[in-house]
Amino acid sequence: MKEKENVIYKGKIFDLIQKDVVINDKIYQRDIIRHPGGVGVLVTKEGKILFVKQFRHAINKETLEIPAGKLEYGEDPKTCGMRELNEEAYLECEELQLITSIVSTPGFCDERIWIYEAIHPKLTTHHLTQDEDENIDLVWLNINEAYQMILDQKIDDAKTIIAIQYAFISRK
């Protein structure tokens, strides 16, 4: 039997589908979120990591995150990373080096997040405009301090935790 999908909701950020799946010759229904994915960028300089501080309505709290953003369907992750680095942090870099890519919640969502490291970041000469619904502040924290914030559960964003741990282990 071919697995069937039915679009329940088509939104600006994600789509919700119901999918009939076959497991052990039985049909089960799954609700799945289709999401184009995202990109996060680790920026380090002189033993510090750059964070974006912003209020996240989904969890009703202010967060510290690495600069990041949503991919457009079909967009190259590096292109997205360069755009977000410029929009959110007013930076550009020579290249983005892939640290890893992760699936955030594979039980019900197909979102994949690419995490890059900015190589030789510098202030941009041509600043892109932030999204009009963003209100962010930039914060630089010492790598050790950022790592301690993970241990103290003050930073709980998954992509950011991975980036901090990478920086902590490699002492960027």
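Author: Let's start with a contact, meaning heavy atoms within 4.5 Å. Ile 143, Asn 144, Ala 146, Tyr 147 and Ile 150 in α2 meet Ile 161, Ile 164, Gln 165, Ala 167 and Phe 168 in α3. The residues of this contact split into eight nonpolar, two polar and no charged. Here Ala, Val, Leu, Ile, Met, Phe, Trp, Tyr, Cys and Pro count as nonpolar, Asp, Glu, Lys and Arg as charged, and the others, Gly among them, as polar.

Before we go on: this is a predicted model, in which local features need pLDDT of at least 70 and side-chain atom pairs pLDDT 80 or more, while totals for chains, interfaces and linings use all residues. Residues are numbered from 1 along each chain as its sequence is written, and side-chain values use heavy atoms, leaving out hydrogens and water.

Reader: How do I read the packing, and at what angle do the axes of α2 and α3 cross?

Author: Two packed helices are described by the angle between their axes and the distance between the axes. Here the axes of α2 (residues 143-151) and α3 (residues 158-170) cross at roughly 135° and come within 9 Å. That makes α2 oblique to α3 (under 35 degrees is roughly parallel, over 145 roughly antiparallel, 65 to 115 roughly perpendicular, and the rest oblique). Axes are lines fitted to C-alpha atoms, for helices over the stretch in contact, and angles run from 0 to 180 degrees between N-to-C directions.

Reader: Is Asn 144 buried, exposed or partly exposed?

Author: Buried means under 20% relative accessible area, exposed over 50%, and partly exposed in between, with a 1.4 Å probe and protein chains only. Asn 144 is partly exposed, at 44%. Leaving aside residues up to four places away in sequence, Asn 144 touches Phe 168 and Arg 171.

Reader: How many disulfides does the structure hold?

Author: A disulfide is a covalent bond between the sulfur atoms of two cysteines; the cut-off is a pair of cysteine sulfur atoms within 2.5 Å. The structure holds zero. For Cys 80, the nearest cysteine sulfur is that of Cys 93, 13 Å away. Cys 80 is buried, with 0% relative accessible area. Cys 109 is in no disulfide either, as the nearest cysteine sulfur, that of Cys 80, is 15 Å away. Cys 109 also counts as buried, at 11%.

Reader: And what share of the chain is buried?

Author: Of its 172 residues, 40% count as buried.

Terms used:
Helix = DSSP H or I, 4+ residues; strand = E, 2+ residues; numbered from the N terminus.
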